Amino acid sequence: MKITATGIQGLLIIEPHVFNDGRGYFFESYSKVKFADAGIDIDFVQDNQSFSHKGAVRGLHAQFAPHAQAKLVRVIQGRVLDVVVDVRKGSPTYGKYETIELSGENQLQFFIPAGFLHGFATLEDNTIFAYKVNDYYSKECETGVRWNDPTLAINWGIAESDALVSAKDEVLPLFKDYVSPF
């Protein structure tokens, strides 16, 4: 397992060692010991999975204390552009974002600590997105920013007119009005 730092402290790209043969492939998607050795000492409590059509946009979301969540995200099938925005008060990269393409083919994973908004855009039909979290969902601790915020100006890899966005995500605040709880 190869773990690589990004330009934002705490965000890590995880590349598993994949064993391919004539039958297919095998890899460890998570090892508590290997993650702890890399400084990721997280107790994941729940696995989540979503299925999305091409153009689906989910995000930008987070949960704050007392139910703040760290996430380990990956794509089982299909392709997404995964987006993470630093909203940690006092962080030198506050308001900066990182993107990474995750796919069933590249089998990369993204570790996202608490204090980041997270979302993704589905780049292929029949995409299965999976993630681990270290705390349970709490509606009262939800926060977020509109996916197409003009201040952040994120290139999601899809045309805005093609985006399939939930009604809930369409009314999230703009970044200029966002008060970070982190």
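Visitor: How much space lies in the largest pocket?

Guide: This is a predicted model, in which local features need pLDDT of at least 70 and side-chain atom pairs count only at pLDDT 80 or more, while totals for chains, interfaces and linings use all residues. Residues are numbered from 1 along each chain as its sequence is written, and side-chain values use heavy atoms, with hydrogens and water left out. On a 1 Å grid over the protein atoms alone, a pocket is an open set of points with protein on both sides within 12 Å along at least five of seven lines, whereas a cavity is a set where a 1.4 Å probe fits but cannot get out, and lining residues have an atom within 4 Å of a point. With grid points joined across faces, edges and corners, and volume taken as the space filled by probe spheres set on them, the space in the largest pocket comes to about 600 Å³.

Visitor: Which residues of its lining are closest to the centre of the largest pocket?

Guide: The lining of the largest pocket divides into ten nonpolar, 15 polar and five charged residues, where Ala, Val, Leu, Ile, Met, Phe, Trp, Tyr, Cys and Pro count as nonpolar, Asp, Glu, Lys and Arg as charged, and the others, Gly among them, as polar. Of the 30 lining residues, the closest to the centre are Arg58, Gly59, His61, Lys71 and Tyr131.

Visitor: Which element gives the largest share of the lining of the largest pocket?

Guide: Helices (H or I, at least four residues) and strands (E, at least two) are DSSP runs numbered from the N terminus, and the protein chain has two helices and 14 strands. Those giving two or more residues to this lining include strand E5 (46-52), strand E12 (127-133) and helix H2 (167-170). The largest share, seven residues, comes from E6.

Visitor: Which strands each supply at least two residues of the lining of the largest cavity?

Guide: The structure holds one cavity of 30 Å³ or more, and about 50 Å³ of space lies in the largest cavity. Its lining includes Ala62, Gln63, Phe116 and His118. The strands that each supply at least two lining residues are E6 (56-63) and E11 (116-122).

Visitor: Is Thr6 buried or exposed?

Guide: Thr6 lies in the loop between strand E1 (2-5) and strand E2 (12-15), and its side chain reaches the backbone oxygen of Ile8 at 3.1 Å and that of Leu11 at 3.2 Å. Buried means under 20% relative accessible area, exposed over 50%, and partly exposed in between (1.4 Å probe, protein chains only). Because its relative accessible area is 18%, Thr6 is buried.

Conventions: A polar contact is a pair of N or O atoms within 3.5 Å; within protein, one must be able to donate a hydrogen and the other to accept it, and residues adjacent in sequence count only if both atoms are side-chain atoms.
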